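These notebook entries record what I looked up in one structure. I set them down in the order in which I worked.

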Amino acid sequence: MRAILGQLLTLLPHGPVALARVVDTTGPSPREPGAAMIVTESGEVHGSLSGGCVEAAVVASAREVLDGGYAVIDRFGYADSDGPAVGLTCGGEIEVFVERVSGERLPLLAALRQRIREGSPVAVATTLDGAPEWKLLTPGDREPWHGVDRDARALLDAGGCGVVGADECAADSPPRPRTFVQVFAAPARMILAGANDFVRALSRTGRSLGYRVTVVDARETFATSARFPAHEVVVAWPHRYLAEEQQSGRIDQRTVVCVLTHDAKFDVPALLTALSCPRIGFVGALGSRRTHAERVERLRAAGVTEDQLERLRSPVGLDLDARTPDETAISIAAQILAERGGASGLPLDRIDGPIHR
C-alpha cells in the first residue's frame, strides 16, 4: 500500500474508493502481502496485485464492494495459462481483501504518511471479519484492541506483514477477529562513499529499489544535492560519518555500504569502519583486482581481521561485463539483491527450483 498511499490520499476527498490488498500468500506468488490496488467509482485503476493474472476479477469485486458497501475476500490459486479459470500461473495462491474506503479514513492515512516520511516504524491493522476496522499501530502503543494487539505489535517489532487472530480463545474471552497487519518499517539504507559518476548512477538505482540513499564525501565542491539523486548528501569524511551512524544505532543488518572513491585515503578508513560494524548487511568496494589486492594489504596493516575481510565484496558487483556507470550500478545492485535473498546470482535457466523464494 505504500506505493499507492499518495494516490489514495488524493482520491478520497472526491469520494469513496475500493481498496484491494494482498493479505496472505502460499507458495510462489507475484506480489508480497501488502501489495495494493485502488478502483474508483468511475472505473480508474491504480496499482496492481499480480502483474495481470487476477486484476480483472478483483476489479469486478471492487465494483460490487463500491455498490454494496461490504468487504469481500477473493482467493486465487493455480490456473492453467490456456484455461478459462482466473488464477495464478506461477503455482502459488494469494488471498485478496477488498473493502470500501471513504473519507473517514483520511486522518489515519495522513498520520501513516507522516510516520513513513519521518522514517518511523508504523503499521495498519485491519480486521477481515465483518465490517472492517482500522487501527494505526506504533511501537509505543499499548492500547488493547480486539485481543490481537500483542500479536500485531510483535509483527511491527519484527518488521513483517501478516495475519493474526481467529484462533481459539477461553470461554470467557471475546473472539479475536482475523486481522491483517501491514507493517511500514523504515526503509533500508544505502550509504555511498564518494562523489563521482558511479555514485550518481548507484544513487538512482538504489532509490528505485526502495533504499534510503545517502551520499557522503569530504569534498564540499563535489558533494552537492544538485549532483546526486540521493535522499541526502553529507559533506564529511566517510569513516567519521559511518562511525557516528553506528554509534547512533542507525546502521543495522539491512544497511548497504559501498565505497566508490578510488582513493586510499578515503576508502581504507571507510572500509575499516564499515567492516567493524557488527550488524551491517553489505560492504562493497569498487576497483580493479590490482586495486583490491593493494587495498586488502592496507586493511590488514590497519588491523582488519581475516573474518572481517570475508565480509568485504571487492571488486563489488556481478560479472555482467559492465563498463559504464549505469551498467556498473546494475551489476552492484544485482549482487546486493542476490546476497540479501540468499540467491546464487546465476541465470534462471541454469538453475532448478522456485523463482520466488
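**Entry 1: a helix and its surroundings**

I began just after helix α8, where Gly303 takes a positive phi of about 105 degrees. I noted that the model is predicted, that local features need pLDDT of at least 70 and side-chain atom pairs pLDDT 80 or more, while totals for chains, interfaces and linings use all residues. Residues are numbered from 1 along each chain as its sequence is written, and side-chain values use heavy atoms, without hydrogens and water.

Helices (DSSP runs of H or I, at least four residues) and strands (runs of E, at least two) are numbered from the N terminus. I found that α8 covers residues 289–301, has 13 residues and reaches 18 Å from its first C-alpha to its last, close to the 18 Å expected at 1.5 Å a residue. That expected span is 1.5 Å times one less than the number of residues.

Which residues of α8 are buried? I listed Arg295, Val296 and Leu299; buried means under 20% relative accessible area, exposed over 50% (1.4 Å probe, protein chains only). They cover an arc of only 105 degrees around the axis, which puts them on the same side of α8. The arc is taken from the directions from the helix axis to the C-beta atoms. On the face turned away from this buried side I found the exposed residues Arg290 and Ala301.

**Entry 2: a residue in a strand**

I then located Val216 in strand β11, residues 212–217. Val216 is buried, with a relative accessible area of 1%. Beyond its neighbours within four places in sequence, its contacts (heavy atoms within 4.5 Å) include Ile191, Val234 and Tyr241.
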